[in-house]
Amino acid sequence: MSLILNGCILLLKEHHLLTKADIVFDNEITAVTYDSRQVKKDGMFFCKGTHFEEKYLREAQQNGASTYVSEQEYPDIKGMNALIVNDVQKAMALLGAAFYDYPQNQLFIIAFTGTKGKTTSAYFTQGILQAYTNKKTALFSTIDRILGTQPKQRFKSSLTTPESLDLFKEMRQAVDNGMTHLVMEVSSQAYKRNRVYGLQYDIGFFLNITPDHIGPNEHPDFADYLHCKLQLLVNSNICVLNSDSDHFLEIYQAAQATTPANKIYLFARQGGNESNADFIYHSEESTLVQSRLNLQSQTTKAQKLLLDGQYEINLAGDFNETNAIAAIIGAGLAGVPYQLAKTAITDVHIPGRMETIKTKKHGTVYIDYAHNYGSMKALLSFLQRKEPQSKIIVVVGSTGNKGVSRRAGFGKALSEYADEAYLTTDDPGFEDPQKIAAEIDQHIDHERVQVQIILNRQKAIATAIAKSNPGDLVVLAGKGEDAYQKVRGIDTPYPNDFNVAQQVINELE
Ligand SMILES: CC(=O)N[C@H]1[C@@H](OP(=O)(O)OP(=O)(O)OC[C@H]2O[C@@H](n3ccc(=O)[nH]c3=O)[C@H](O)[C@@H]2O)O[C@H](CO)[C@@H](O)[C@@H]1O[C@H](C)C(=O)N[C@@H](C)C(=O)N[C@H](CCC(=O)O)C(=O)O
Ligand SMILES: Nc1ncnc2c1ncn2[C@@H]1O[C@H](COP(=O)(O)OP(=O)(O)OP(=O)(O)O)[C@@H](O)[C@H]1O
């Protein structure tokens, strides 16, 4: 992989990004990075980030970088080529794609955005496509990256959508590993930070939107959050929209602005926003562990996909039916026939999403990643509808330094649906978990919900399970299968909620 300096200049000029080029020597670029510690000889170094310091550029030069790309000049740095640009994140995405030789052109890419359901839908889709492509489908999800069939080609993710250089590098690796398809999640931050600038998807899904990720380090307001998410549609050849989403008209208009009508597909739940829907689905039977659903096409273009019929998923929750339908439509648009989709989707398991542990002498335990008002409401209202007589006991905490509005949201959802709540710790970052728990508590209606604060998460889980009785539903929310707690900038190992619950139950029973 390499880049020619003149080629970089032309590319940046084409996109109106270059404000100045200071070339001291011409050379071939044989590495690209935004981290001074990773620089290689003849590398290109991108100066970016809120905490960037000039000393990183010096270190990059010492480590062999020949060229830097930056929004500002560093006159004290001599002997390096400087490409000064008006947006370093956009420049990084463009040059990254070029450096890795546009791997996206060799992949059929299905992308998901939405406040909730991205990971679940992406896993369902990848599961079906793995069967269809004979295991040649890569996955970029919040949980992990799958770049090939070997165990070493699968690893944990640190971001939902990685920095552009990492994104294109991983796409290149996936292509080199023989992958033909890619299913990926696209976060709103990915657009805010131009991590996916210039990337076009074969199919783009908009699942839903509710207020989230609004705060000092994320989006200033909901309008900005929605705007960033809508960019996915502008960059998709085919757009698939959940008609039941809040703000549907704005979402539909964004799709229509750049995509012809014959390439926009709408799906809706029966009884939901059915007008103009290409597909309507309904639940035939659902329990606390699985669902049987039915999909029917309504328009000629939908009929052509031949997806109509019954499907079964081994995952509870009406919201997961929606995610499954999205995946089935995505797979159908990629060419997967009905029977294969039907068989493959039943086998998909999604770590930390509605995992269930039955006990003999206590309640049934649910481990789920719900960590904002929308998802907590979706989860708890589903459980309440299914088991209206059962007591709902929830163990939950809220993250520090981000998603501050979630605290009020948890208080609200608990007041609406829970009988007992154990407020605990969840990735406190640099904040005091006691203070976070107290903030959630402020929003709880104590007339309705019994609340206890137990900051040690393992102890909170143990207490909730031990005090529960058969018939109760014990929800361990927010962390899914996360194997760490983010504390003061350090990923502190944590056995994960599932393992903690299993051990508690083994000891109790
Ligand atoms: C807000 C945001 O996008 N932040 C990301 C971004 O940080 P940044 O560009 O501001 O960089 P920084 O941390 O200030 O560091 C400055 C720069 O100095 C460089 N450096 C640093 C030290 C050194 O010795 N040498 C050196 O060169 C670093 O490589 C970096 O390029 O680039 C970093 C990697 O370079 C990311 O780790 C960081 O993600 C933060 C940690 C994060 O958690 N972001 C969340 C909000 C996020 O993006 N979440 C979404 C999901 C949420 C959603 O749905 O929207 C996601 O896609 O994961
Ligand atoms: N379609 C949906 N609508 C509402 N809530 C959902 C939906 N799908 C999943 N959830 C809830 O949200 C939680 C997270 O789901 P998932 O990981 O699939 O979403 P995500 O969009 O990837 O979330 P995040 O951006 O937080 O990583 C689930 O554990 C479940 O409680």
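By class, the shell around ligand 1 holds 5 nonpolar, 11 polar and 6 charged residues. Here Ala, Val, Leu, Ile, Met, Phe, Trp, Tyr, Cys and Pro count as nonpolar, Asp, Glu, Lys and Arg as charged, and the others, Gly among them, as polar.

This is a predicted model, in which local features need pLDDT of at least 70, side-chain atom pairs count only at pLDDT 80 or more, and totals for chains, interfaces and linings use all residues. Residues are numbered from 1 along each chain as its sequence is written, while chains are lettered from A and ligands numbered from 1 in the order in which they are written.

### Domains

The protein chain is assigned domain 1 (3-99), domain 2 (103-280) and domain 3 (355-508). These bounds come from an automatic or database domain assignment. The centres of domain 2 and domain 3, taken over C-alpha atoms, are 28 Å apart. Their contact takes 10 residues from domain 2 and 7 residues from domain 3. Two residues are in contact if their C-beta atoms, placed from the backbone, lie within 7 Å. On the domain 2 side, the residues touching domain 3 split into 2 nonpolar, 5 polar and 3 charged.

### The two ligand shells

A residue is near a molecule or strand if its C-beta atom, placed from the backbone, lies within 6 Å of it. The shell of ligand 1 has 22 residues, of which Gly-49, His-51, Leu-159, Thr-160 and Ser-187 come nearest. Domain 1 and domain 2 each give at least three residues to the shell around ligand 1. Helix 6 (residues 188-192) supplies the largest share, 3 residues. Helices (H or I, at least four residues) and strands (E, at least two) are DSSP runs, numbered from the N terminus.

Ligand 2 also has 22 residues around it, and Gly-117, Lys-118, Thr-119, Ala-370 and Ser-375 come nearest. Two or more residues come from each of helix 4 (118-132), helix 10 (318-333) and helix 12 (373-386). Helix 12 gives the largest share, 4 residues. By class, the shell around ligand 2 has 6 nonpolar, 11 polar and 5 charged residues. Domain 2 and domain 3 each contribute at least three residues to the shell around ligand 2.

A residue is buried if 20 or more other C-beta atoms lie within 10 Å of its own, exposed if 12 or fewer, and partly exposed in between, with C-beta atoms placed from the backbone. Two strands pair if DSSP finds at least two bridges between them. Strand 9 and strand 12 (residues 181-185) run parallel over 4 bridges. Leu-139 has Val-183 as its bridge partner in strand 12. Strand 9 and strand 10 (residues 144-146) are antiparallel, with 2 bridges. Phe-140 has Arg-145 as its bridge partner in strand 10. A hairpin of 3 residues links strand 9 to strand 10.

Two residues are listed below.

| Residue | Phi |
|---|---|
| Lys-135 | about 65° |
| Asp-427 | near 45° |

Lys-135 sits in the loop between helix 4 and strand 9. Lys-135 counts as partly exposed because it has 13 C-beta neighbours inside 10 Å. Asp-427 sits in the loop between strand 22 (420-423) and helix 14 (433-442). Asp-427 counts as buried because it has 25 C-beta neighbours inside 10 Å.
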